Amino acid sequence: MPSFELNTNVSKHKVTPEFLKNLSKLVASTLGKPESYVTVSIKPDQYIIWGGTDEPCGFASLMSIGQLGIEQNKKHSAVISDYINKQLGIPPNRCYINFVDSRPSMVGYNGSTFHDILGGN
């Protein structure tokens with residue numbers, strides 16, 4: 001159920017299968033969730049301007065059922081920003097991450113929702 005999506009002006013040539021696989025593991029690890037539920041989507045080569053320049057930048061969304069909050073998001077932001085900076089050259093001050101804490105009933109999977117899968121009331 002965790003889903004990470006990044007829109008960036010960085011070239012698709014920098015987004016390798018290894019980058020995606022390592023980011024998937026990183027998202028699972030920082031959230032404490034099974035990687036088997038994690039999705040990662042990178043949309044490179046976008047026309048994005050940040051602060052009037054076209055230097056590497058992006059905006060992202062991390063959706064999860066739980067494991068998001070004031071202190072947790074600080075950790076997630078640091079871990080993900082560091083990886084994206086090292087691998088894609090996007091400085092942490094040029095990438096927003098929007099955290100979305102979804103209710104189990106609002107996330108569908110396998111013809112049902114996580115409300116039923118996780119045994120919600």
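Are Glu 71 and Lys 74 buried or exposed? Glu 71 is exposed, and Lys 74 is exposed as well; buried means under 20% relative accessible area, exposed over 50%, and partly exposed in between (1.4 Å probe, protein chains only).

1. Basis. The model is predicted: local features need pLDDT of at least 70, side-chain atom pairs count only at pLDDT 80 or more, and totals for chains, interfaces and linings use all residues. Residues are numbered from 1 along each chain as its sequence is written, and side-chain values use heavy atoms, with hydrogens and water left out.

2. Count. A salt bridge is a side-chain nitrogen of Lys or Arg within 4 Å of a carboxyl oxygen of Asp or Glu. By this rule there are three salt bridges.

3. Strand pair. Lys 43 and Glu 5 form a salt bridge, with N to O at 3.2 Å. Lys 43 is in strand 2 (residues 39-43) and Glu 5 in strand 1 (residues 3-8), so the pair ties together parts 38 residues apart in sequence. Helices (H or I, at least four residues) and strands (E, at least two) are DSSP runs, numbered from the N terminus. Lys 43 is partly exposed at 34% relative accessibility, and Glu 5 is partly exposed at 29%.

4. Helix pair, Glu 71 and Lys 74. Their side chains meet in a salt bridge at 3.2 Å, N to O. Both residues lie in helix 2 (residues 70-88), three residues apart, about one turn of the helix.

5. Helix pair, Lys 86 and Asp 82. The closest N and O atoms of this salt bridge are 3.1 Å apart. Both residues lie in helix 2, four residues apart, about one turn of the helix. Lys 86 is exposed at 61% relative accessible area, whereas Asp 82 is partly exposed at 37%.
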